[in-house]
Number of protein chains: 2
Amino acid sequence: MVEHVKNERSKGTWLTYRPDIKILDCTIRDGGLINNHHFTDDFVRAVYEADVAAGMDYMEIGYRGSKKIYPPGEHGPWKHCDEEDVRRIVGDNPTPLKLCVMADAERTDYREDILPKQESVFDAVRVATYIHQIPTALDMVHDAHEKGYEVILQLMAVSVIQEAELEEALPILVDTPVSAIYLVDSFGALYSEQVRDLIVTYVKAIEGTGKEIGIHAHNAQQLAYANTIEALIMGASRLDATLNGMGRGPGNCPMELLVGFLKNPKFHIRPVLQCIQDYVLPLKSEMEWGPKIPYMITGQLNLHPRTAIEMRKSDRPDDYVTFYDKMMEEE
Amino acid sequence: MVEHVKNERSKGTWLTYRPDIKILDCTIRDGGLINNHHFTDDFVRAVYEADVAAGMDYMEIGYRGSKKIYPPGEHGPWKHCDEEDVRRIVGDNPTPLKLCVMADAERTDYREDILPKQESVFDAVRVATYIHQIPTALDMVHDAHEKGYEVILQLMAVSVIQEAELEEALPILVDTPVSAIYLVDSFGALYSEQVRDLIVTYVKAIEGTGKEIGIHAHNAQQLAYANTIEALIMGASRLDATLNGMGRGPGNCPMELLVGFLKNPKFHIRPVLQCIQDYVLPLKSEMEWGPKIPYMITGQLNLHPRTAIEMRKSDRPDDYVTFYDKMMEEE
């Protein structure tokens, strides 16, 4: 159990709000992992317009994935986010919404594919890295920063990082030009007490630097929203969410729950609900996301959801016991 | 924010467990609110056998509802829990699983219908009361206690009880022969910080009495499980859950999540998963439960889910914006 941290970030009561809170909508980026980023322009435009109307701070519109690793065609346009594809949706983005693209360490040709900022409609690059990829990630951070972007860092799968490694990694990440570092619960394995402890560690690491801490949660154990508000209370100010929780496997923190919780008048729930009912819900017949028992099992075992995702595509998607037995044998 | 309470109830780390934890499965009782308690004998027997195999402490098999208010036929057998109906399933219940029946204040003919314990297969009576019904509830508690039962108290809809009223009510409830008092979030409106504060208040009220505190959560905001483990950490030891979260509207804390979290070797997840896949899931085609946006809206507004339940039965169950606008106008 941890003591609650009281710092300038964690102020805010039931009636006040924290102006430092920033929401990033990663519906297209994370949801695209379900359908290889084959969203229609209409869908992406509807999400963009909803984010603008709802007062979101950032929209992550997809990946800058390597075309050698992810051939176009097999993968839809939001796996690469070519400037002309993005501009077809947002024009020059004459709105306060910042556009963000994710670049995965070792799965992006960042030197060539990330253009100088003045040639791009993007505002920010999020560098996603597993702990063993940090040297590559650091090079990506500097490259994107030098090209003029805000750079955000996602340290993935924190539930399998040893405490000593994390203590070593954080100062290295803080000592870069990133604006924010995210706690990423890739497997949806963390309980609220663990989130609270970890956020304390992250907040301590950035103290005095002006950088911010974020949270990206997965809903394997129906804790994505709960853990997001715990992180918020403990000092995180960058919050990831998706419309209706759309995202790979169990999905993410549902935007509608988060906006309903925040008292910040800059966010509006009505455009979120409208977009969900008009655009997101109809996709439920062709894409699956959200908490399901197989994801719960991988979450409880602190494992990547990939085996559960495969199982849900098999001819026995509800044979939980056989799946449970198999996962326990592999433990 | 509250200080964490450290008392003998809240011990337990990631590797140890708390032997004081008791789970009550209210699948049939709360789930019956969806189908007027018209479950088949086969279904009720499957849940009973799963609870025995999973090591549950209590199974709440239904209500002792007044037959004048709830005519048999219109309501299935688990609305009244006549002894012969229950014995058809459990015989004399030669297991460690305790059987519990719920009696709602003002909706039960408790003097006549609750038999002396030696004539009954039930072990415990749960008295459910709104705060304005406490005088009736106290009479029910004494009646059941004198007849020989363990008596448990559910103080309903705590999210709309004023703090001063709660401070007045708790000592009155503690000063009765109840074994446990439950925090009941009827509307699924509470956030984890509120649960933590309230559990501290409840735990303080029972200090030195040997009584226990429980939690019954609803999943309107996908917080039923999260709030249940928060309550547990703060000192609650009686936990309500249902198979796959089955229960009225957004449903309850899912048993499979809770058992996966607890390290207590007396609980087993496999029989829970087996019963869900064989018996609970097939009911999904005829009964709806679980988090949905209309329940989120009533939860966020701290309202009873009844309007959302009606809306889900209408011909526009996914017109969230119209429902949201209507609820905001009624605020």
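**Contacts between chains and domains**

In this predicted model, a salt bridge joins the side chains of Glu230(B) and Arg196(A), with 3.4 Å from N to O; the term covers a side-chain nitrogen of Lys or Arg within 4 Å of a carboxyl oxygen of Asp or Glu. Local features need pLDDT of at least 70 and side-chain atom pairs count only at pLDDT 80 or more, while totals for chains, interfaces and linings use all residues. Side-chain values use heavy atoms, with hydrogens and water left out, residues are numbered from 1 along each chain as its sequence is written, and chains are lettered from A and ligands numbered from 1 in the order in which they are written.

That pair is at the meeting of chain B and chain A, where the count is four salt bridges. Polar contacts there come to 16 residue pairs, both at pLDDT 80 or more (a pair of N or O atoms within 3.5 Å; within protein, one must be able to donate a hydrogen and the other to accept it, and residues adjacent in sequence count only if both atoms are side-chain atoms). On the chain B side, helices 7 (192–206), 8 (224–234), 9 (255–261), 10 (270–280), 11 (293–300) and 13 (320–330) each put in at least two residues; helices here are DSSP runs of H or I, at least four residues, and strands are runs of E, at least two, numbered from the N terminus. Sorted by class, the side of chain B that touches chain A holds 22 nonpolar, twelve polar and ten charged residues (Ala, Val, Leu, Ile, Met, Phe, Trp, Tyr, Cys and Pro are nonpolar, Asp, Glu, Lys and Arg charged, and the others, Gly among them, polar). Each chain brings 44 residues to the contact, meaning heavy atoms within 4.5 Å. About 4,100 Å² is buried between the two chains, 63% of it on carbon and sulfur atoms; this is the accessible area (1.4 Å probe) that two parts lose on being put together, summed over both.

Within chain A, there is domain 1 (22–285) and domain 2 (293–330), with bounds from an automatic or database domain assignment. Twelve residues of domain 1 and nine of domain 2 make up their contact. The two domains of chain A bury about 870 Å² between them, 61% of it on carbon and sulfur atoms. Zero salt bridges turn up across this interface, and two residue pairs are in polar contact, both at pLDDT 80 or more.
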